[in-house]
Amino acid sequence: MIRPRRNRKSETIRSLVRETEVTIKDLIYPLFLVDGKEIEDPILSLPGQKRWSVDMMLFEIESCLKLGIKCFVLFPGLEDHLKDADASYSYNERNFYLKAIKEIKNRFPEACLMSDVAMDPYSSDGHDGLVSDGKILNDETLPILGKMAVAQANAGIDIIGPSDMMDGRVGYIREELDTHGYQDVSIMSYTAKYASAFYGPFRDALASAPKMGDKKTYQMDPGNKYEAVREAELDESEGADFLMVKPALCYLDIIQLLKEGFNLPIAAYNVSGEYAMLKAASQKGWLDYDLAMQEMLLSIKRAGADVILTYAAKEFASLRR
Ligand code: PBG
């Protein structure tokens with residue numbers, strides 16, 4: 001008799017035939033940065049995550065490096081008085097985010113740092129593009145994104161992460177980086193970024209929710225699958241080095257589609273709401289967090305993700321110790 005159970009009879013055999021395994025090297029750890037000193041401010045909607053001032057973040061990065069986490073994506077949280085309609089603080093020389101990138105790269109040159117390129121943390125409108133008469137302007141936003149990317153490259157960033165979903169921004173940013181001598185700075189494009197309800201805890205963490213309307217005129221409609229292929233074709237032709245799908249869990253089919261259709265590395269963003277969901281259920285005693293978290297990451301990798309951005313990176317690495 002043919003018995004598939006024979007291949008499951010012991011952990012040794014199961015691990016011999018296991019098709020997919022997540023490793024620490026697959027993960028990128030998102031960190032929230034704020035201005036100031038000695039700040040380590042817990043984020044209520046993201047249990048286990050904090051807003052760090054750079055001095056404290058250096059300790060956090062050091063402990064992550066010891067656990068084998070080498071890649072970090074940094075998000076800035078700004079006070080309201082620094083925000084304006086055209087996100088000018090994003091490329092201002094005094095910007096604490098840019099200074100922190102420099103400081104972290106100086107201290108830990110082996111760390112790989114990824115940025116966020118989008119207007120929303122810096123915008124008084126809370127949108128990823130310039131707003132005029134309630135509309136999000138595309139082409140007028142590109143030069144701002146370009147300046148932001150060049151300033152981050154100048155600070156020493158390894159990977160630029162455009163998360164804004166403006167048309168043509170990958171090509172625009174690539175060109176700007178190249179003409180300013182940053183040919184070696186990579187672009188991980190948020191290729192298929194959906195207008196999702198799962199970004200809630202992130203927007204809480206940064207107070208970056210749109211002041212008016214929603215993001216549906218630029219982020220993708222959750223009903224669409226083949227449109228993700230169209231976005232991926234554009235990003236590939238504009239020079240992206242990685243294609244990202246975001247969120248991950250409700251979009252595993254999109255991850256698979258892009259993995260099978262493209263020869264670029266595929267990243268998946270296991271977003272704040274996905275992490276918070278597991279945390280909340282486990283706090284109620286309804287789920288075993290460690291097991292559910294590992295299964296979640298495994299499913300994202302099995303779908304085809306080469307790289308996973310996840311708030312669980314440090315917890316995952318601690319379990320592998
Ligand atoms: C901003 C940005 C968002 C996230 C990453 N970059 C939020 C948004 O588009 O509103 C969400 C990440 C998460 O939820 O973990 N451009």
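A word on terms to begin with: with a 1.4 Å probe and protein chains only, a residue is buried under 20% relative accessible area, exposed over 50%, and partly exposed in between. This is a predicted model, in which local features need pLDDT of at least 70 and side-chain atom pairs count only at pLDDT 80 or more, while totals for chains, interfaces and linings use all residues. Residues are numbered from 1 along each chain as its sequence is written, and side-chain values use heavy atoms, with hydrogens and water left out.

Asp133 is exposed, at a relative accessible area of 80%. Its phi is positive, about 50°, although it is not a glycine. Asp133 sits in the loop between β6 and β7 (135-137); helices here are DSSP runs of H or I with at least four residues, strands are runs of E with at least two, and both are numbered from the N terminus. Glu38 also has a positive phi, near 50°. Glu38 lies in the loop between β1 (27-34) and β2 (40-42) and counts as exposed at 65% relative accessibility.

Asp120, in the loop between β5 (112-114) and β6 (130-132), is buried, with a relative accessible area of 7%. What is Asp120 in contact with, leaving aside its neighbours within four places in sequence? Gly126, His127, Asp128, Ser208 and Lys215, where contact means heavy atoms within 4.5 Å.

Asp128 takes us to the ligand: an N or O atom in the Asp128 side chain is 3.1 Å from a ligand nitrogen. For Arg203, a polar side-chain atom lies 2.6 Å from a ligand oxygen. In Lys246, a side-chain N or O atom is 3.4 Å from a nitrogen of the ligand. The peptide bond from Lys246 to Pro247 is cis, with omega near -10°, and Pro247 lies in the loop between β10 (242-246) and α8.

Now α8 itself. The axes of α8 (residues 252-261) and α10 (residues 289-303) come within 8 Å and cross at roughly 35°. Axes are lines fitted to C-alpha atoms, for helices over the stretch in contact, and angles run from 0 to 180 degrees between N-to-C directions. Leu252, Ile255 and Gln256 of α8 meet Ser299, Ile300 and Ala303 of α10.

The other helix pair is α2 (residues 54-67) and α3 (residues 96-107), packed at about 40° with axes 11 Å apart. On the α2 side, the contact includes Met57 and Ile61; on the α3 side, the residues include Ala100 and Ile104.

Key
Polar contact = N/O pair within 3.5 Å; in protein donor to acceptor, adjacent residues only side chain to side chain.
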